[in-house]
Amino acid sequence: MNRINQKLKEGKKILSIYFSAGYPNLNDTVQIIHDLEKNGVDMIEIGLPFSDPLADGPTIQASSTQALHNGMTTQVLFDQLKDIRKTVSIPLIIMGYFNPMLQYGIENFCKKCAEIGIDGLIIPDLPVDVYAEEFKETFEKYGLKNIFLITPQTTDERIHFIDSVSDGFIYMVSSASVTGSQSGFGSIQEDYFKRIATMNLNNPQVIGFGINNKETFNLATQFAKGAIIGSAFIQYLTENGIGKIEKFVKAIR
Amino acid sequence: MSYNVNEKGYYGEFGGAYIPEMLYPNVEELRQNYLKITAEPEFQAEFDALLKDYVGRPTPLYFAERLSEKYNTKIYLKREDLCHTGAHKINNTIGQIILAKRLGKTRIIAETGAGQHGVATATVCALMGLECIVYMGEVDIKRQAPNVARMKMLGAEVRPALSGSKTLKDATNEAIRDWINNPVDTYYIIGSVVGPHPYPDMVARFQSVISKEIKEQLLEKEGRENPDYVIACVGGGSNAAGTYYHFLDNEDVKIIAVEAAGMGVDSGESAATSALGKVGVIHGSKTLLMQTTDGQITEPYSISAGLDYPGVGPMHANLFKTGRAQFISITDEQAMSWGLKLSKMEGLIPAIESAHAFAVLDEMKFKPEDIVVINLSGRGDKDLNTYIDYFKL
């Protein structure tokens, strides 16, 4: 069974962390993954940097830009990760934009992910209908789960469609925003979390965007299976380097 | 075979809507409504009236006698340089602002490179009394001070794009992010035939008035609707899309697209996307795009700020791929010398973008009886500083 499905079957709430591969330094990727797993993080999203990340706010974009300056490329990331499954057992997801994957070749990209032991992909600018028509077969051939986003503006009908082509989890964007632009949740978010929780979807939901501390993590996981922290972790790495990851994770739970 | 958009938003293999889910409701609302609303008689009446009385349309189709004599062919210039605000850009912003109002939007955002689209957007927002925010790369704000001042006079807020290379592509990213953060009240006026479907088709339709008038005016002047050649410069490609639109499916009319070679196609300082680009996804559209082998988008270069976009609209990518249009790239030097030549021979100081299109006359041989229409997409006032620096005027 895919590690994502397995992890989500466990009784606990999931803490997932996003970071940009190649940031702060080119070769920090493996160390960050190790430290996150060692300190009890349940799932990791490895950001493949892109020059023009439309859905990201300034924090993640700045880290992507730095990572590219550091020399990160798709091939470098794959090389860094080639032995990762000898030491890491939690689900690993690559999150990146469509164009770098397209240039690598979608089939090649998927094949490489499967060889390494990547469990799924999040591609914010690959629309669900294009995926279903053109790429679903390839992803499935290599055992990769493609994770789709929903937002407070997504209609029920579309949520059901996304649920029907998903197999893993649904990434609930907490509010209409790019990454890192919200702090804390209001009643609008709570109503939205409740609405989705009562839709009886086949896939569990994991909430992202706007989770930045213990309080927001706890609130989000009242309504969903898990939560994802991205910008706040990147910010922490910027301020503290990669030596104090334990402290960051322990502060969340 | 049709060179127009299909019902799924593609021109051949190019186009589509590669957008984050956060943008889906906005783009879907537009997709479902743009054809319906723009076909309404009230919309048409308002659009036509503003183009006539506010923009100053129809723009003349001018027979360039001295140029024709020199090149021994019949050369007509479509005078988009006479449009209010100085270029064709306003045809599109008029159309989109009426659409935005019909959709009940109260806040308008736009991206701009050289500032022409920003000025055209700020102008129509002033006209309609709507809030206007224009994203512009920090580097471009410094380079294009007069247009920044014009936008401010027109009541717009100019927000610097501080990310990435701080130019047009980054201003576009920032505008898209603004739209993600403000999905309900905000309308995004894109300035070229780029972006997710339906933008390329919608902008092409608003600009298609250019070729509609060319047909009518040629019929009057030459007794025939179709020229032998239509020529336009292509950055994103909005003036070109408008110039070609009504001739796309008539293969008797040859289409010439002129790109900016910058310092030379192989110099590393160029914006010739057809020569240097590969299929990729930028700003929500699958098209030809200048990028690294790793799929990172690269920064183009041209002396003309309106042509230094790293992609082309999907319509143009398809015209290139199918061979329907011939693509020619023209260097800074060629374009600048035509800026001077057109000024001296015809008394017309062109925008540097438009000057690129004229350089085709040196690159191609036309027959004496050929009718060649060149779109003079904008006037050169905005480029005066560049001309002064270049020619030490």
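What follows is a short chat about a predicted model with chains A and B.

User: New to this one. How many helices and strands does chain B have?

Analyst: This is a predicted model, to start with. Chain B has 17 helices and 14 strands.

User: How does its radius of gyration sit against the globule rule?

Analyst: The radius of gyration of chain B is 19 Å. The globule rule gives 21 Å for 393 residues, so chain B is as compact as a globular protein of that length. Along the principal axes, its C-alpha trace spans about 55 × 45 × 40 Å.

User: What share of chain B counts as buried?

Analyst: Of its 393 residues, 60%. Contacts also reach across the sequence. Taking contacts in chain B with a separation of 6 or more, 73% join residues 24 or more positions apart.

User: Now chain A. What is its secondary structure?

Analyst: Chain A has 12 helices and eight strands. The C-alpha atoms fill a box of roughly 45 × 40 × 35 Å along the principal axes.

User: And what share of chain A is buried?

Analyst: 56% of the 253 residues count as buried. For contacts with a separation of 6 or more, residues 24 or more positions apart account for 78% in chain A.

User: How many residues are in contact between the two chains?

Analyst: 32 residues of chain A are in contact with 26 residues of chain B. On the chain A side, the elements giving two or more residues are helix 3 (58-70), helix 5 (98-104) and strand 5 (145-150).

User: Which of them gives the most?

Analyst: Helix 5 of chain A, with five residues.

User: What classes of residue are on that side?

Analyst: The side of chain A that touches chain B has 18 nonpolar, 12 polar and two charged residues.

User: Which modified residue does UniProt list?

Analyst: B:K89, listed in the unreviewed entry as "modified residue: N6-(pyridoxal phosphate)lysine". B:K89 is found in helix 4 (residues 89-102) of chain B.

User: Is B:K89 buried or exposed, and why?

Analyst: Buried, because 27 other C-beta atoms lie within 10 Å of B:K89, and 20 or more is the cut-off.

User: What does B:K89 touch?

Analyst: B:Q116, B:H117, B:A120 and B:G191. That leaves out residues up to four places away in sequence.

User: Switching to helix 14 of chain B. How far does it reach?

Analyst: Helix 14 (residues 332-346) has 15 residues and reaches 21 Å from its first C-alpha to its last. That is close to the 21 Å expected at 1.5 Å a residue.

User: Which of its residues are buried?

Analyst: In helix 14 of chain B, the buried ones are B:D332, B:A335, B:M336, B:W338, B:G339 and B:L342. They cover an arc of only 155° around the axis, which puts them on the same side of the helix.

User: Why does that spacing work?

Analyst: An α-helix has 3.6 residues a turn, so residues three or four places apart point the same way.

User: What do those buried residues of helix 14 pack against?

Analyst: Strand 10 (254-262), strand 13 (325-331), helix 15 (352-358) and helix 17 (384-391), in chain B. After helix 14 comes B:G347, whose phi is positive, near 70°.

User: What about helix 7 of chain B, which residues are buried there?

Analyst: B:N147, B:V148, B:R150 and B:M151. Seen down the axis of helix 7, they fall within an arc of 160°, so they line one face. The face turned away from that buried side carries the exposed residues B:A145 and B:M153.

User: What covers the buried residues of helix 7?

Analyst: The cover includes helix 5 (116-128), strand 6 (131-137), helix 6 (138-143) and strand 7 (157-161) of chain B. Just after helix 7, B:G155 takes a positive phi of about 95°.

User: Last one. Where does B:S274 lie?

Analyst: In helix 12 (residues 273-276) of chain B. B:S274 counts as buried, with 21 C-beta neighbours inside 10 Å. Leaving out residues up to four places away in sequence, B:S274 touches B:E259, B:L288, B:V312, B:F320 and B:F327.

Key
Residues numbered from 1 in each chain as written. Chains lettered and ligands numbered in written order. Predicted model: local features only at pLDDT ≥ 70, side-chain atom pairs only at ≥ 80, totals over all residues. UniProt positions renumbered as here; feature names shortened; annotations may be inferred. Helix = DSSP H or I, 4+ residues; strand = E, 2+ residues; numbered from the N terminus. Buried ≥ 20, exposed ≤ 12 C-beta atoms within 10 Å, placed from the backbone. Contact = placed C-beta atoms within 7 Å. Nonpolar A, V, L, I, M, F, W, Y, C, P; charged D, E, K, R; others polar. Rg over C-alpha atoms; globule rule 2.2 N^0.38 Å. Expected span 1.5 Å × (residues − 1). Arc of directions from axis to C-beta.
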